[in-house]
Amino acid sequence: MAKGAKLRKEKQSVAVSGESLAQQSSSQNRRWTRGFIIAVVLIYVINKFYIPVAPMQVKVAFNTWLSLTSMGEIMVFILMALGLNIVVGYAGLLDLGYVAFWALGGYVAGWLMSGFFDQVTFKFGGNPAKGLPHGIHLNVFLVLIAGGIFTAIWGVIIGAPTLRLKSDYLALVTLGFGEIIPQFMVNGENIGGFNMTNGSKGINPVDNIKIFGFEFGPFALADKFLLYAALAGMMIFLSLRLRDGRLGRAWLAIREDELAASMMGVPLMRTKLASYAVGATAGGVGGVAFATLIGGVYAERFNFQISIIILSMVVLGGMGNVWGVMLGATLLAWINNTGLVQIGKIFNAATGMNVDFPSFNFLIFGVLLVLMMLFRREGFIPEARVRLIMHEDEFADVSNVTDQIKLEGHHHHESH
Amino acid sequence: MASTTASAPRASVNVGKLLTRVSMLMLGIVVVYWLGRNLISSPAQFFTVGITGLSNGALYALIALGYTLVYGIIELINFAHGDLFMLGAVFSYFFLTKFLAAEGGSARNYGLLALTLVIAMAFCATINVVIERLAYRRLRDAPKLAPLITAVGMSFILQFIGLKWNGSAPRNFTTILPNTSFEFQGVVVPYTALIVVSLTIPLLVILVTLVNKTRQGRAMRATAQDKDAARLMGIDVNKTISFTFALGGAMAGAAGLMFAQSYGTVAYNLGFQLGLIAFTSAVLGGVGNLNGAVLGGFLIGLIQGFNDGLPFGPGQKWSQTMVFTILILLMVYRPAGLLGKATTEKV
Amino acid sequence: MSLTNKPVLDAQNISVVFGGLVAVNDVSFAIPEGSIVSLIGPNGAGKTTFFNVLTGLYQPTSGQVIFDDKDITGLSPNKIAAGGVARTFQNIRLFGMMTAQENVMVAMHSHMKAGVFATTFKTKKQRQEESEARDFAQELLDFVGVGETTHEYARNLSYGDQRRLEVARALALRPKVLLLDEPTAGMNPNESAQFVEFVHRLRSERAVSILLIEHDMSVVMQVSERITVLDQGEKIAEGSPTEIKNNPRVIEAYLGKSGSEASQNVN
């Protein structure tokens with residue numbers, strides 16, 4: 001076995017191909033990053049400069065199929081799907097109550113940038129709507145940070161006692177949590193006499209965003225879109241960086257073999273908590289962003305379906321793969337907010353029927369999850385290793401055989 | 001190597017244990033005070049809501065059995081099970097109330113009710129077996145995440161079927177079971193509660209006997225412990241698992257019918273919340289333990305009944321929160337449930 | 001001889017009871033600093049259970065584990081590992097879908113610091129830490145003889161290379177004690193013979209004390225300075241290879257009372 005030294009030289013030639021593997025992935029990342037930026041800039045420029053002067057038909061077409069609101073929503077969903085991806089895709093923990101973090105983030109926006117708490121008047125870089133001088137009005141960046149921190153804390157509070165459970169139990173606890181938080185929001189108009197959430201009426205309006213003196217009014221959708229795209233971009237960056245570092249390795253190790261990971265000095269609780277907290281932060285930031293997008297917070301919107309839709313985005317794209325999840329989020333968010341309705345309209349007009357297309361989203365997301373798990377567990381743009389993990393059962397026999405072959409070859413080699 | 005004494009040790013174990021004990025004790029005191037105060041101030045109401053709770057608990061127990069049977073044998077939380085119950089309820093409405101036009105309590109209708117009970121059970125059993133056959137079976141050796149996500153997807157598909165079948169609004173109808181009640185010492189006892197409980201108990205007894213006493217039951221227990229060993233002993237593992245799903249489905253079908261008949265309403269989204277409550281019951285009793293599921297069902301029913309109905313308490317709007325808080329506390333402090341055993345991983 | 005050194009790991013009166021079953025009964029066992037010692041016994045003798053106590057996976061029902069003069073009984077596995085007790089597994093437990101390099105770097109987790117912030121912004125410290133970790137990983141991969149597999153997925157390595165990679169991963173913890181659980185399982189006699197040499201290299205070049213659980217008697221006899229024999233959870237003998245070879249109780253434990261049982265009891 002003392003061949004290490006001899007192999008030093010050999011290694012260098014092999015290492016070149018190894019390095020190129022790493023380079024491959026980084027050049028892939030560069031290509032995707034470029035694509036993302038180009039797409040965002042294109043959408044912005046077209047909407048900001050071309051659409052206002054475009055012919056009526058083009059305007060209508062864009063508004064029906066690729067409206068800026070839906071684009072902004074897609075960016076928010078990319079942000080949240082990537083957050084969930086850290087929990088489900090990287091660390092392998094099934095979280096079925098992710099909507100809770102979205103809700104908490106939304107209410108942070110409701111609390112900190114609206115006239116809702118009219119008992120106080122506090123303005124710090126905020127932008128109170130006309131006629132609503134009271135309440136708390138903070139600058140949107142501060143609210144984004146506050147939302148992130150607030151949900152991160154909640155992530156830790158929820159995670160600390162539950163993350164040591166088996167994966168399927170964890171799924172249930174998170175599901176329960178995802179039910180409790182929205183119910184609290186619905187019932188929260190009278191917590192010991194204090195109106196905390198305004199119940200099912202929700203909190204609105206949430207202040208318009210104002211950055212460096214520029215106000216993003218209700219019609220400044222292109223500018224808002226740019227802000228959400230920047231947030232999504234930051235999450236992409238964070239996801240890629242974390243994956244290649246100390247935490248990312250520990251998460252992948254836990255996903256593969258928790259026990260072995262702990263025996264290699266990885267503190268399970270802390271590492272899982274970190275993934276949970278990062279995921280929660282993204283959910284919270286997404287919640288704040290969404291509240292500013294629709295200009296309000298409504299308790300009923302935070303239901304179990306949303307958790308499943310976000311999970312579907314992660315599954316469809318390929319658990320753990322940043323770009324896959326990004327595409328999954330883009331596609332499913334679009335289907336959910338635009339596609340189903342518009343295709344339904346066309347279908348109904350063409351056939352004279354009256355099919356309620358949006359009601360099919362149960363079927364679509366259900367079938368999608370089942371089929372993906374049955375036939376393409378690795379998602380559509382899988383990371384090589386995810387493909388292997390998700391098909392472990394099928395590959396097991398093959399790899400045993402190859403192991404044996406290699407072992408025999410090895411014997412030859414060693415017997416010289 | 002299953003044992004609580006050998007489960008993963010932690011340095012903070014003593015501090016943690018002490019904290020757990022103290023917080024559990026405090027929680028216990030709060031609960032006792034809450035129940036005690038209500039019992040003293042309005043005893044009749046206390047027992048009235050208790051009886052409603054027990055009647056609901058019987059339904060939870062039936063649904064919980066489906067979760068526990070399946071979890072016991074293939075370690076899968078079958079998220080679709082609650083929606084199977086919903087389909088059972090919707091089916092029984094369409095079959096009994098619409099197709100057989102059985103409304104109101106005549107002798108003929110009671111006969112049809114018994115018939116529908118059997119058919120609804122067969123209906124849900126079939127669906128459950130088909131789901132297992134088409135989806136879960138192919139994922140039996142896959143990483144745990146895969147069947148779990150599949151079950152969530154199945155739940156959505158069943159909900160969709162319910163939505164298209166039943167419509168988006170709840171349907172109300174006249175039941176066969178009387179919606180009247182009698183009073184005993186001020187305690188209101190609905191007849192449906194009596195009927196539901198007296199129908200549930202024989203079902204539970206039959207099921208437990210089936211699992212504990214018959215050859216098929218032995219095969220189930222053997223498969224649950226070790227599939228490979230069971231196979232070597234000549235047990236048809238696939239058939240046994242199908243049988244388990246059939247049993248669980250049948251219980252959900254029975255629960256569906258009884259729910260429809262005691263409340264006179266069905267809706268496509270019944271399954272999600274009742275399913276979760278039933279699952280909490282299963283966990284409370286100890287997942288995989290039949291007696292535990294029954295005990296858990298009745299306990300959760302009682303707790304929910306008290307929460308919803310007692311004059312001095314959180315009230316119905318916190319019902320869900322109450323149940324899920326119990327679920328979370330349980331998972332955190334006693335994941336093995338009341339009657340279950342903790343397990344550790346083999347190395 | 002190294003056996004007279006002060007023990008680096010000292011397990012005192014360890015008992016483990018599962019339910020009513022006594023898996024390990026009052027076993028004391030020390031690993032002197034710089035020594036190579038072995039734990040043997042028939043199947044079900046409690047060897048792996050004892051291992052699991054040393055690495056913190058099980059809490060002993062009674063008894064203490066002293067490592068480096070500190071009581072580590074009941075500490076969580078990751079703390080014990082980070083403290084310098086590393087192990088390999090009887091049935092290989094690599095992170096199959098991570099590269100060989102990543103496998104080794106996972107084990108450096110406790111010696112590294114970078115958190116979310118530093119990793120995201122690739123601070124100077126983080127970059128330095130990562131590059132040092134990569135170098136150290138390569139050094140270890142070279143040391144065990146799989147230096148050419150750096151960027152291959154662990155699951156694609158041959159069985160023998162996977163065993164070596166497990167050792168490299170364990171070494172990444174910078175351990176004082178290395179516990180090897182049946183390291184030659186699945187090796188042919190030739191590889192086993194090389195393994196003996198490898199264990200000596202491990203001790204001399206990586207400065208670790210080594211505890212082996214092993215079934216291959218020729219390996220055990222060649223490599224161990226002291227052998228401890230467990231049978232049905234109890235320590236029935238301890239001594240040099242020659243002493244153990246001639247100990248009647250050991251022979252009985254291995255061969256059973258009648259010869260016909262021998263084939264069942266000896267693995």
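1. A residue counts as buried here if 20 or more other C-beta atoms lie within 10 Å of its own. With that in hand, a friendly word of caution: this is a predicted model. In chain A, 48% of the 416 residues count as buried. The secondary structure of this chain comes to 15 helices and five strands.

2. You will find L163(A) in the loop between α5 (140-162) and α6 (167-187) of that chain. Setting aside neighbours within four places in sequence, L163(A) is in contact with L170(A), M269(A), K272(A), L273(A) and Y276(A). Take Y276(A) from that list: 113 residues separate L163(A) and Y276(A) in sequence, yet their C-alpha atoms are 8.9 Å apart in space.

3. While you are in chain A, have a look at the backbone at P205(A). The peptide bond leading from N204(A) to P205(A) is cis, with omega near 0°. P205(A) belongs to the loop between α6 and β4 (209-211) of chain A.

4. Now to chain B, and to its helix packing. Two packed helices are described by the angle between their axes and the distance between the axes. For helix α3 (residues 81-99) and helix α9 (residues 237-263) of chain B, the axes come within 7 Å and cross at roughly 50°. α3(B) and α9(B) are therefore oblique to each other, and α3(B) passes α9(B) in a right-handed crossing. On the α3(B) side, the contact includes L84(B), F85(B), L87(B), F91(B) and Y93(B), while the residues from α9(B) include G248(B), G249(B), G253(B), G256(B), L257(B) and F259(B).

5. α3(B) has another partner worth a look, helix α10 (residues 270-285) of chain B. These two helices pack at an angle of about 125°, with their axes 7 Å apart. α3(B) and α10(B) are therefore oblique to each other, and their crossing is right-handed. From α3(B) come H81(B), G82(B), D83(B), F85(B), M86(B) and A89(B), which meet L270(B), G271(B), F272(B), L274(B), G275(B), L276(B) and A278(B) in α10(B). The residues of this contact of α3(B) with α10(B) divide into eight nonpolar, four polar and one charged.

6. Chain C has 11 helices and 10 strands. Its radius of gyration is 19 Å, close to the 18 Å that the globule rule gives for 267 residues, so chain C is as compact as a globular protein of that length. The C-alpha trace of chain C spans about 65 × 40 × 40 Å along its principal axes. Of the 267 residues in chain C, 54% count as buried. Among contacts in chain C between residues at least 6 apart in sequence, 68% join residues at least 24 apart.

7. The axes of helix α5 (residues 124-144) and helix α6 (residues 159-171) of chain C come within 9 Å and cross at roughly 140°. α5(C) and α6(C) are therefore oblique to each other, with α5(C) passing α6(C) in a right-handed crossing. L140(C), L141(C), F143(C) and V144(C) of α5(C) make the contact with R164(C), V167(C), A168(C) and L171(C) of α6(C). This contact of α5(C) with α6(C) divides into seven nonpolar residues, no polar and one charged.

8. Finally, please check two aspartates in chain C. Phi of D26(C) is near 50°, a positive value in a residue other than glycine. D26(C) sits in strand β2 (residues 21-32) of chain C and is partly exposed, with 14 other C-beta atoms within 10 Å. D68(C) has a positive phi of about 55°, although this residue is not a glycine. Where is D68(C) found? D68(C) is in the loop between β4 (62-67) and β5 (70-71) of chain C. With 15 C-beta neighbours inside 10 Å, D68(C) counts as partly exposed.

Note on methods
Residues numbered from 1 in each chain as written. Chains lettered and ligands numbered in written order. Predicted model: local features only at pLDDT ≥ 70, side-chain atom pairs only at ≥ 80, totals over all residues. Helix = DSSP H or I, 4+ residues; strand = E, 2+ residues; numbered from the N terminus. Rg over C-alpha atoms; globule rule 2.2 N^0.38 Å. Buried ≥ 20, exposed ≤ 12 C-beta atoms within 10 Å, placed from the backbone. Contact = placed C-beta atoms within 7 Å. Axes fitted to C-alpha atoms, helices over the stretch in contact; angles between N-to-C directions. Parallel < 35°, antiparallel > 145°, perpendicular 65-115°, else oblique. Left-handed = near helix turned anticlockwise from the far one by under 90°. Nonpolar A, V, L, I, M, F, W, Y, C, P; charged D, E, K, R; others polar.
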